[in-house]
Amino acid sequence: MRYTTRTERRHWPKRILIMLLVAIIVVVGATVVVRRTYFEKLKPVSVVSAETKLITIEKGSSVDVIAKKLQEEGLIRSAWAFKLYVSSKEVRNALQAGTYSLAANQSVPQIVSQLTHGKVATDLVTVLPAQRLDQIRA
């Protein structure tokens, strides 16, 4: 039987540090990829096309409905990026109903600004039945 004053070294703290370092690297890498993707999705769909589309946002429409409509019309790249942007800027309840003239060369922040400030299309006129000319003019 051998007696020694040396204690056996445990290797588990080294393994835990390595696993922790790998986990940190994975989390940081994933964060960078998600942020880059998010900011890419906020950019305009087209830099060249200035063709405008009339989009009507109904009263009481949710952010999900608005985002889906804008993506279907080709005005934004991603509905989830739009919803995340609206939530992060805390303007979810500030989006206003109306008919808007939007273009594919507008970024998500520009579109959200237009929707929150109520900058509706001004070249539209609605004539209701049974109105007199002076009422229409007013």
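Buried means under 20% relative accessible area, exposed means over 50%, and partly exposed lies in between, with a 1.4 Å probe and protein chains only. This is a predicted model, in which local features need pLDDT of at least 70 and side-chain atom pairs count only at pLDDT 80 or more, while totals for chains, interfaces and linings use all residues. Residues are numbered from 1 along each chain as its sequence is written, and side-chain values use heavy atoms, with hydrogens and water left out.

**View 1. Overall fold of the protein.**
The protein has five helices and two strands, where helices (H or I, at least four residues) and strands (E, at least two) are DSSP runs numbered from the N terminus. Along the sequence the pattern reads α-β-α-α-β-α-α. The protein has 138 residues, of which 24% count as buried. Its accessible surface comes to about 10,800 Å², and carbon and sulfur atoms hold 57% of this. Accessible areas come from the Shrake-Rupley method with a 1.4 Å probe, and for residues only the protein chains shown count as cover. A contact means heavy atoms within 4.5 Å. Among contacts between residues at least 6 apart in sequence, 62% join residues at least 24 apart.

**View 2. Aromatic cluster of Y38, F39 and W80.**
Ring pairs link Y38, F39 and W80 into a cluster. Rings of Phe, Tyr and Trp (its six-membered ring) pair if their centres lie within 6.5 Å; planes under 30 degrees apart count as stacked, over 60 as edge-to-face and the rest as tilted. The whole structure contains two aromatic pairs. In the edge-to-face pair of Y38 and F39, the centres are 5.1 Å apart and the angle between the planes is 65°. Y38 is buried because its relative accessibility is 11%, whereas F39, with a relative accessible area of 43%, is partly exposed. The pair of Y38 and W80 is tilted, because the ring centres are 6.3 Å apart and the planes are at 35°. This pair links distant parts of the chain, with Y38 in helix α1 and W80 in helix α3 (residues 79–88), 42 residues apart. W80 has 40% relative accessibility and therefore counts as partly exposed.

**View 3. Salt-bridge network of E40, K43 and R77.**
Salt bridges link E40, K43 and R77 in a network. A salt bridge is a side-chain nitrogen of Lys or Arg within 4 Å of a carboxyl oxygen of Asp or Glu. By this rule there are three salt bridges. Side chains of opposite charge can pair when their charged atoms come close. K43 and E40 meet with an N to O distance of 3.3 Å. Between E40 and R77, the closest N and O atoms are 3.8 Å apart. E40 lies in helix α1 and R77 in the loop between α2 (63–72) and α3, so this pair ties together parts that are 37 residues apart in sequence. The three residues are partly exposed: K43 has a relative accessible area of 42%, E40 has 35%, and R77 has 35% relative accessibility.

**View 4. Salt bridge between K83 and D64.**
The closest N and O atoms of the salt bridge between K83 and D64 are 3.4 Å apart. The pair links distant parts of the chain, with K83 in helix α3 and D64 in helix α2, 19 residues apart. K83 counts as partly exposed because its relative accessibility is 28%. D64 is also partly exposed, at a relative accessible area of 45%.

**View 5. Nonpolar surface patch including V28.**
L17, L20, I24, V28 and V32 make a nonpolar surface patch of about 460 Å². Patches are made of residues with over 30% relative accessible area and no salt bridge; like charges are joined within 9 Å, and nonpolar side chains (Val, Leu, Ile, Met, Phe, Trp, Tyr) within 5 Å. V28 belongs to helix α1 (residues 12–41). Its relative accessibility of 48% makes V28 partly exposed.

**View 6. Surroundings of S46.**
S46 sits in the loop between α1 and β1 (52–57). With a relative accessible area of 17%, S46 is buried. Leaving aside residues up to four places away in sequence, S46 touches A104 and N105.
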